[in-house]
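Subject: Structure for your set, with notes

Hello,

The structure is placed below, followed by notes on what was found in it. Please read the notes with the model open.

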Amino acid sequence: MTAVLVLEDGRVFHGTPYGAQGETFGEMVFNTGMTGYQETLTDPSYHRQIVAMTAPHIGNTGVNDEDPESSRVWVSGYVVREPARIPSNWRSRRSLDDYLRDQGVVGIAIPGTRALTRHLRERGAMRAGVFSGEALAPVEELLARVRNSPAMEGADLAEAVSTAQPYVVPAVGAKRFTVAAVDLGIKAMTPHRMAERGCEVHVLPASSTAEDILALDPDGVFFSNGPGDPATADHQVEALRGVLEAGKPFFGICFGNQIFGRALGLGTYKLRYGHRGVNQPVQDRRTGKVEISAHNHGFAVRAPLDGSFDTPYGPAEVSHVNLNDDCVEGLRLIDRPAFSVQYHPEAAAGPHDSAGLFDRFCALMEATQEETGNTTRGNKGA
Ligand SMILES: NC(=O)CC[C@H](N)C(=O)O
């Protein structure tokens with residue numbers, strides 16, 4: 001039994017099969033988290049990506065029933081260095097190998113995850129394929145198939161991962177706010193973080209229009225993370241414009257930040273290899289405070305880093321930057337209650353430094369409720 005990882009530029013890594021056997025295609029990316037493989041595997045933002053873990057031992061704590069961030073594995077392929085031989089944890093129900101096999105996820109164990117990561121850092125994220133089984137076709141043939149597979153640039157994927165039907169996550173304790181959360185690939189922890197702050201969260205499909213969202217008369221609107229190229233999300237940009245025009249408090253994360261940027265008139269671009277991990281240093285430019293944060297993005301918003309800039313909704317500014325590469329990590333409207341971040345304050349997995357952003361969203365909803373007697377207009381800056 002053999003397995004091979006073939007990159008679009010012709011680089012090839014030989015290894016052994018891990019999880020299901022067969023073949024799979026996707027964008028080859030790497031994740032630097034030492035923990036949280038279950039959350040990574042089940043994060044819908046990884047749809048159509050083959051994820052390589054830089055941590056050398058994966059699967060050590062097995063697979064439990066509590067940590068998944070959605071009902072299935074979304075990565076299209078999985079690359080590890082050394083799978084755990086004996087998983088061990090009191091919560092473990094099965095091995096990661098068995099879980100990937102049950103979920104039909106083709107993986108590979110290769111000795112060179114470090115070489116792979118360095119290659120992607122230099123050449124950038126690119127298309128790839130994992131192939132495993134008894135007798136594989138010649139590498140030239142596999143490479144041709146990789147080169148025929150779809151690229152991430154231009155991929156419109158949010159509707160493929162979104163909920164088909166709206167559902168409600170009830171507030172924990174007394175209800176303080178109604179939140180309309182547009183699911184572009186939402187992780188389970190996100191509505192949970194809002195619910196534990198008194199939000200009744202109405203999770204809506206990615207196809208929702210501004211009218212669908214505003215029909216709930218929400219105190220605030222949230223746009224989630226999600227897979228694909230934000231340049232394709234015209235429908236969601238249009239919906240968000242309607243929400244902003246109605247003056248609703250808004251909070252977006254990751255894909256939601258990119259859609260907010262586009263709604264403000266900014267463009268997005270593809271990063272060379274992206275940010276995926278749980279230790280990215282992000283600075284809040286208002287306070288100077290640095291948060292160590294969880295990331296999973298391959299695209300970013302292009303915005304002026306110095307000073308404010310004009311948008312159809314008044315002046316805005318870049319609120320957060322990544323200290324590694326000066327990438328835009330957050331945006332806010334100065335005179336209206338709308339803001340977003342490019343990273344993951346729900347921290348599943350990851351450090352909890354950014355949890356206060358959910359409190360900030362609640363504070364904006366509270367201020368808007370007070371100002372407007374719970375009607376639809378608010379004018380307090382985020
Ligand atoms: N986690 C996300 O929301 C990712 C957003 C977008 N798909 C990107 O890769 O940048």
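A residue is called buried here if 20 or more other C-beta atoms lie within 10 Å of its own, exposed if 12 or fewer, and partly exposed in between, with C-beta atoms placed from the backbone. Helices (H or I, at least four residues) and strands (E, at least two) are DSSP runs, numbered from the N terminus. By these rules the buried residues of H9 are Phe-255, Gly-256, Asn-257, Gln-258, Ile-259, Phe-260, Gly-261, Arg-262 and Ala-263. Nine of the nine residues of H9 are thus buried, so the helix is largely enclosed by the rest of the structure. Just after H9, Gly-265 has a positive phi of about 100°.

The model is predicted: local features need pLDDT of at least 70, side-chain atom pairs count only at pLDDT 80 or more, and totals for chains, interfaces and linings use all residues. Residues are numbered from 1 along each chain as its sequence is written.

Overall form

The protein chain has ten helices and 20 strands. Of its 382 residues, 49% count as buried. The radius of gyration is taken over C-alpha atoms, and the globule rule is 2.2 Å times the number of residues to the power 0.38. For 382 residues a compact globule would come near 21 Å, and the protein chain has 21 Å, which agrees. Along the principal axes, the C-alpha atoms fill a box of roughly 70 × 45 × 35 Å. Two residues are in contact if their C-beta atoms, placed from the backbone, lie within 7 Å. Among contacts with a separation of 6 or more, 74% join residues 24 or more positions apart.

Domains

The chain is divided into domain 1 (2-148) and domain 2 (158-372); these bounds come from an automatic or database domain assignment. The centres of the two domains, taken over C-alpha atoms, are 29 Å apart. Their contact takes 21 residues from domain 1 and 21 residues from domain 2. On the side of domain 1 that touches domain 2, strand E3 (23-31) and helix H3 (113-123) each supply at least two residues. The largest share of that side, three residues, comes from E3. For residue classes, Ala, Val, Leu, Ile, Met, Phe, Trp, Tyr, Cys and Pro count as nonpolar, Asp, Glu, Lys and Arg as charged, and the others, Gly among them, as polar. The side of domain 1 that touches domain 2 then divides into seven nonpolar, nine polar and five charged residues.

Annotated active site

The unreviewed UniProt entry annotates Cys-254, His-344 and Glu-346 as "active site". UniProt positions are given in the numbering used here, feature names are shortened, and annotations may be inferred rather than shown by experiment. These residues span 93 residues in sequence, yet no two of their C-alpha atoms are more than 11.3 Å apart, so they gather at one spot.

Cys-254 lies in the loop between strand E14 (250-253) and helix H9 (255-263), and counts as buried with 29 C-beta neighbours inside 10 Å. Leaving out residues up to four places away in sequence, Cys-254 touches Ser-45, Asn-225, Asn-296, His-297, Gln-342, Tyr-343 and His-344.

Glu-346 is in the loop between strand E20 (338-341) and helix H10 (356-372). Glu-346 is also buried, with 27 other C-beta atoms within 10 Å. With residues up to four places away in sequence not counted, Glu-346 touches Lys-187, Met-189, Thr-190 and Arg-193.

Annotated binding site and ligand

The "binding site" annotation of the unreviewed UniProt entry covers Ser-45, Gly-226, Gly-228, Phe-255, Gln-258, Asn-296, Gly-298 and Phe-299. They are spread over 255 residues of sequence but cluster in space, the largest C-alpha distance being 13.3 Å.

Ser-45 sits in the loop between helix H1 (37-41) and strand E4 (49-53), and is buried with 28 other C-beta atoms within 10 Å. Gly-298 belongs to strand E16 (residues 290-302) and is buried with 23 C-beta neighbours inside 10 Å.

The residues around the ligand (C-beta atom, placed from the backbone, within 6 Å of it) include Ser-45, Cys-254, Phe-255, Asn-296 and Gly-298. E16 gives the largest share of this shell, four residues. By class, the shell has five nonpolar, seven polar and no charged residues.

Regards
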